[in-house]
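These entries record what I looked up, item by item. I begin with the charged pairs and then turn to the disulfide, the strands and the cores.

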Amino acid sequence: MRGKILIQLFFIMFTAIYADTAYCIQTADQAIKETSPQAGARNVEVPKRKNTIELTTPLELTQPDTEYILKNDINSAATAFVVRASNITINLNGFRIHYLTQDGSLHGSAVQIPGRQKDIDILNGEIVQGPGRCIYEEAVPECSAIYAQDVNDLQVAGLKITYSTQNSPAISVLTGKDVRINNNSLNDGGVQTAKTVISVIDARNIIALKVFNNSIKSRRQSGIRAGAGSEIYQNDITLYNTKSQLTAISASGIIHRNRIFVEGPYVAGLNISGAGKIYLNHLQTRVTKRNDDPADASGACIKVGPGSENIEAYGNTFNLYTESERALSSAVHVGLNNPEHKALFHNNNISAIGRSSKVRAAAITIGSNNESRHIVFRNNKITSNWTNIVLGDATGHVSGYPAFVENTISRSDSYPAYNTVKGLNQSKPATACFYSNKYENGASKENLDLDFDAGALKEICFGWTIDIAVTKAGKPVSGASVTIKDASGATVFEGLTNEKGALRSYLAEYALTNAGLDKQAHQKIVRPSKLPKTPHKIIIKKNGYTEEKSIRAESDRIVIISLQ
C-alpha cells in the first residue's frame, strides 16, 4: 500500500513539474479573433512637430521638424514628394496622392526619401499609382509607391496603397533601422508577373523592423520580405499567381498572429532562414496545377531552411491542399545542416490533403540534407491522406534522428497509397525516432515505406517517455547526475535532476534498421532487423552516492530511485 501511495504522489509531482510540456494554449483562430485588431488601413496618431506647412501641389520637403499636411488630392506626373530633411511628418489628412500619371519618368513614387534622414512619418490617406510607365522599373525600388534608403525611425501607417508597376514593391526601404509599417491596405491592382522576388513590402536589410496590422492582397512573388530580427504580426495576406513562385513572408525573427492564404503552382506561406519564433499563425496554401506542366506544382505552408537555427513554432495552423500528382508538397518542410542547430515544433495543427489518391501530400517532410540532432516535433496534430511524415526527399538526406514525441498522428481518407512514414530518397540516409505518439484512423507504427532495401542507412526507432525521480531518505534530490545506457551499453541520455528531484527522458524500445543487412542491388524488399534497445541501465550519482537500476522501456512510466 505504501508503495502505491508513493507512486501516486510522484505521479502528481511529475504532473505539476511537467505541466509546461502540455503547452495549453489557444488555437490560432481563437487567438487572432480575440486579441488581434482588424488588419488594414486605419488612421494612426500623428506626432507633434514644431512647424506646420500645408501642401497643395508636389514639392521637395526641406524644412525639418515639420508636419506637412495635405489640403487636397495631389496629382503628379512622376514623384510627388521628396524628403530632404529629418523630423518630418507627411500627413495625407485623408486625401489622395495620385503619382506617375504620365509615361517617361526616370523615377516615379508618391514619396521618396533619398537617404540619411531620420524620424519620418507618412500617414493617413490614399496613394494610387497612375497609368504612367516608369522607365527604370527594372531597378525595382525607385518606382515603389514609397521608396526610402538609409533612413532611421521611419513609420508608414494608415495608408491605402494601390499600385501596378510590374517589377516594383509597394513599399521599399533599402537600408536603415527602427522601421514600422503598420495599419495599411496594400493592393497591387491585379498585376501578375513571372519575375521572382518582387515583394509588396521589401525591407530585407532593415534593423529592428516591425510590420503589423496590414492587409495585403497581391499577385507579387512575395508579400513581406524582411531580414533577421524582424517582428511581423497581425497581418492579413492573400497571394495568388498562376505563373511564378509565391511566398507570403520571407524573414527570420518573431512572426505571430498572421492570417495567410497563398494559391498557385509554387507556393510557400513562410520561408524561414534564421533564428525565429513562429506562433499563433493561421496558414492555408493551395497548390494548383499549371496549364503547361501540371505535374511539377509544389508547395509548403512553412519552410525552415538549412541556414536556420533556434526555431520554435507553436500554436500554428498549417493547412495544405495540393493537386500535384508528381512533385511533393508538404505542410511543414524542415532541414538543418548544422548538427547543433535546433527546431522545436509543438502544439501545431499540421494537415496536408491531396485532391486524389495519386497526389503527394505530406504533413511533415524532413530533408535538405538534415544533420541536426535537435529537431523535435512534440504534441502536434499531424494529419494526411497520403503520408504523415516523409524522411528524405529530392532536397537531400535525413541524419541526426529527428524526434517525434507525444504527437497525434492521424490518417485522413482511405487511399491505398497512404503510409504513416515514407522515404523518398532511396540512395540517402533516413533516420528518426518516435516516442509516445498516438496513432489514429489507420495510422500506425507498422505502416512504413522507408526503402530498407536501399544502400544507405535507414533506421527508425520507437520508444517511450520515462520520468525519473531521485530521493534520499524520502526527500527529492536535486542536481543528481543521471546517465542511461541502452542494451548495447551505449550512453543514450545524460542529465541532472531539477529542484524537485525529477528528470524526463525518452528511451527507445527497439529500432527498425537495415544496418548490417546484405542489400542486393535489385532486391525489391528487405525485411529490416528489429534491434532491441532495452533493457536500460540507469546510473545515479550525487555527493559520492551511486545507485544503479535496470528498467525495460516498454511503456510510458515513472521510475523512482532512492540513494542509499
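For a salt bridge I require a side-chain nitrogen of Lys or Arg within 4 Å of a carboxyl oxygen of Asp or Glu. I take strands (E, at least two residues) as DSSP runs, numbered from the N terminus. D449 is partly exposed at a relative accessible area of 32%, whereas K422 counts as buried at 7%. Here buried means under 20% relative accessible area, exposed means over 50%, and partly exposed lies in between (1.4 Å probe, protein chains only).

I note the source: this is a predicted model, in which local features need pLDDT of at least 70 and side-chain atom pairs count only at pLDDT 80 or more, while totals for chains, interfaces and linings use all residues. Residues are numbered from 1 along each chain as its sequence is written, and side-chain values use heavy atoms, with hydrogens and water left out.

**Charged pairs, continued**

I then turned to R286, whose side chain meets that of E263 in a salt bridge (3.9 Å, N to O). R286 lies in strand β24 (residues 282-287) and E263 in strand β22 (residues 259-264), so the pair ties together parts 23 residues apart in sequence. A salt bridge also forms between the side chains of R286 and E323, at 3.8 Å from N to O. This second pair links R286 in strand β24 to E323 in the loop between β27 and β28 (329-334), 37 residues away. I find R286 partly exposed, with a relative accessible area of 32%. E263 is buried at 18%, and E323 is buried at 14%. I also noted a network of salt bridges that links R49, D119 and D121. The structure holds 17 salt bridges.

**Disulfide**

How many disulfides does the structure hold? I find one, taking a disulfide as a pair of cysteine sulfur atoms within 2.5 Å. The bond joins C433 to C461, with S to S at 1.8 Å. The torsion about the S-S bond of C433 and C461 is about 130°, so the disulfide is right-handed. C433 lies in strand β38 (residues 430-435) and C461 in strand β41 (residues 458-472), so the pair ties together parts 28 residues apart in sequence. Both ends are buried: C433 has a relative accessible area of 7%, and C461 has 5%. I looked up C301 as well and find this residue buried at 0%.

**Parallel strands**

I count strands as paired if DSSP finds at least two bridges between them. Strand β27 (residues 317-322) and strand β30 (residues 349-354) run parallel and are joined by six bridges. Within this pairing, F318 stands opposite I350 of β30. On to strand β33 (residues 381-384): four bridges join this strand to β30, again in parallel. K381 in β33 is the bridge partner of N349.

**Nonpolar cores**

I define a nonpolar core as a set of buried Ala, Val, Leu, Ile, Met, Phe, Trp, Tyr and Cys residues joined through side-chain atoms within 4.5 Å. The largest has 103 residues, and those with the most contacts inside it include I122, I249 and F377. Apart from it lies another core, of 17 residues, among them I466, I468, L503 and L563.
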